[in-house]
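Reader: Before I use any label attached to a model, I want to know what stands behind it. Please go through the labels one at a time.

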Amino acid sequence: VHGVARRAAKERAEQPMQPAPLRKKIEPRKTVKIGRPGYQVTKSRLPGTGQRTLHFTIHYPEIEEQLQPRHRFMSAYEQRKEAPDKHVQYLLFAAEPYETIAFKIPNLEIDKEPGRFLTAWDEAKQIFTLQLSFRPRSAPPDGPPEGVVM
């Protein structure tokens with residue numbers, strides 16, 4: 001077994017270096033940004049569960065045709081504008097030709113159950129809405145877990 005591995009290593013060392021295959025380089029789009037979109041943010045609690053929710057309404061009146069806005073969550077450690085803070089995360093919204101906007105939100109788990117995380121793009125009014133709910137923090141147990149004898 002050692003001879004086979006030694007021989008393979010020797011053959012690799014003796015082979016001439018091959019250039020890496022050329023990959024198509026994807027160029028970022030070069031569009032002139034026209035400023036920030038208008039937005040509204042509403043904080044509330046869900047009736048019944050009391051879960052904290054955030055409702056974002058972003059107005060894109062001059063969005064490029066056939067384009068739908070995008071959103072993404074970003075860790076505080078990914079961004080380069082501020083010192084990282086483990087208690088926050090960022091929610092980004094992007095659509096050409098507008099600048100990307102970001103909101104600082106609590107670094108809590110997002111509830112992705114049906115009806116708790118909603119996005120919608122109204123093409124006629126050119127308004128993008130996103131509603132998210134944070135999972136409730138689990139309360140610390142009063143005693144030892146079931147089946148554990150102390």
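Author: What follows takes the labels in turn and sets values against cut-offs.

Author: This is a predicted model, in which local features need pLDDT of at least 70 and side-chain atom pairs count only at pLDDT 80 or more, while totals for chains, interfaces and linings use all residues. Residues are numbered from 1 along each chain as its sequence is written, and side-chain values use heavy atoms, with hydrogens and water left out.

Reader: Why is the pair of Phe73 and Phe117 called tilted?

Author: Rings of Phe, Tyr and Trp (its six-membered ring) pair if their centres lie within 6.5 Å; planes under 30 degrees apart count as stacked, over 60 as edge-to-face and the rest as tilted. The structure holds eight such aromatic pairs. For Phe73 and Phe117 the centres are 6.2 Å apart and the planes stand at 45 degrees, so the pair is tilted. Phe73 sits in strand β3 (residues 70-75) and Phe117 in the loop between β6 (110-111) and β7 (118-122), 44 residues apart.

Reader: Why is Phe73 called partly exposed?

Author: Buried means under 20% relative accessible area, exposed over 50%, and partly exposed in between (1.4 Å probe, protein chains only). Phe73 has a relative accessible area of 22%, so the residue is partly exposed.

Reader: What makes the pair of Phe93 and Phe103 edge-to-face?

Author: Their planes are at 75 degrees, with the ring centres 5.9 Å apart, so the pair is edge-to-face. Because Phe93 lies in strand β4 and Phe103 in strand β5, the pair ties together parts that are 10 residues apart in sequence. Both Phe93 and Phe103 are buried. Ring pairs also join Phe93 and Phe103 with Tyr39, Phe56 and Phe128 in a cluster.

Reader: How many residues of each class line the largest pocket?

Author: Five nonpolar, two polar and four charged. Ala, Val, Leu, Ile, Met, Phe, Trp, Tyr, Cys and Pro count as nonpolar, Asp, Glu, Lys and Arg as charged, and the others, Gly among them, as polar. The lining includes Met74, Glu78, Tyr90 and Thr100.

Reader: Which strands each supply at least two residues of that lining?

Author: β4 (88-94) and β5 (101-106).

Technical notes:
On a 1 Å grid over the protein atoms alone, a cavity is a set of points where a 1.4 Å probe fits but cannot get out, and a pocket is an open set with protein on both sides within 12 Å along at least five of seven lines; lining residues have an atom within 4 Å of a point. Helices (H or I, at least four residues) and strands (E, at least two) are DSSP runs, numbered from the N terminus.
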